[in-house]
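Let's walk through this protein model together, one neighbourhood at a time. Keep the structure open beside you as you read.

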Amino acid sequence: LIAGITGFTAEKAAWINAIHQMEDGDVDGADKFFKRIIETRPDYGEAYFGRFECAISVAEYYKGLNSNMSRCLSDYVDALQDALKKYANRALQYAPDEETKQIYQERISEIHRRINNAIESASSQKKRGFFGRLLG
């Protein structure tokens with residue numbers, strides 16, 4: 001940990017460690033760091049955005065893992081919507097500046113597009129029916 005270095009708050013140190021966890025592929029570890037930050041500083045927008053990104057990563061992972069299951073797209077959409085509801089709005093609310101807020105808004109728009117694409121895909125699969133899905 002780098003919390004003892006001059007100029008680093010405990011929250012900033014935890015945030016950097018969370019980013020390192022994400023870079024190393026440890027989404028659960030990163031999410032725990034982000035959660036700790038929010039527990040001590042509930043107005044830390046970067047931590048909410050970090051939790052948002054963790055939730056999106058988990059949703060993407062399970063979508064890939066369960067892509068052949070009939071409920072996969074429905075579960076994926078639910079997970080993305082849950083991430084938006086739980087974390088994205090607070091990330092925007094507590095964004096440290098307008099530039100960061102714009103970056104968050106662009107990413108959130110991307111997730112809305114993914115949701116719409118998944119809903120359209122599920123609808124088209126439903127129209128083709130069971131045998132249509134099997135035949136591709």
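**Aromatic rings and surface patches**

Tyr48 is buried, as its relative accessible area is 7%. Buried means under 20% relative accessible area, exposed means over 50%, and partly exposed lies in between (1.4 Å probe, protein chains only). This is a predicted model, in which local features need pLDDT of at least 70 and side-chain atom pairs count only at pLDDT 80 or more, while totals for chains, interfaces and linings use all residues. Residues are numbered from 1 along each chain as its sequence is written, and side-chain values use heavy atoms, with hydrogens and water left out.

Now look at the rings. A pair of aromatic rings is described by the distance of the centres and the angle of the planes. Rings of Phe, Tyr and Trp (its six-membered ring) pair if their centres lie within 6.5 Å; planes under 30 degrees apart count as stacked, over 60 as edge-to-face and the rest as tilted. The structure holds 4 aromatic pairs. In one of them, Tyr48 and Tyr94 have ring centres 6.0 Å apart and planes at 25°, so this pair is stacked. The pair links distant parts of the chain, 46 residues apart: Tyr48 sits in helix α3 (residues 45–65), and Tyr94 in the loop between α4 (72–93) and α5 (98–135). Helices here are DSSP runs (H or I, at least four residues), numbered from the N terminus. Tyr94 is partly exposed, with a relative accessible area of 29%.

What is the arrangement of the rings of Phe49 and Tyr104? Their centres are 4.0 Å apart and their planes are at 10°, so the pair is stacked. This pair also links distant parts of the chain, with Phe49 in helix α3 and Tyr104 in helix α5, 55 residues apart. Phe49 is buried at 12% relative accessibility, and Tyr104 is buried at 5%. Ring pairs join Phe49, Phe52 and Tyr104 into a cluster.

Val58, Tyr61, Tyr62 and Leu65 make a nonpolar surface patch of about 410 Å². Nonpolar side chains (Val, Leu, Ile, Met, Phe, Trp, Tyr) are joined within 5 Å, and like charges within 9 Å. Areas come from the Shrake-Rupley method with a 1.4 Å probe. Tyr61 belongs to helix α3 and is exposed, at 51% relative accessible area.

Definitions and conventions: Helix = DSSP H or I, 4+ residues; strand = E, 2+ residues; numbered from the N terminus. Patch = residues over 30% accessible without salt bridge, like charges linked within 9 Å, V, L, I, M, F, W, Y side chains within 5 Å. Salt bridge = Lys/Arg side-chain N within 4 Å of Asp/Glu carboxyl O.
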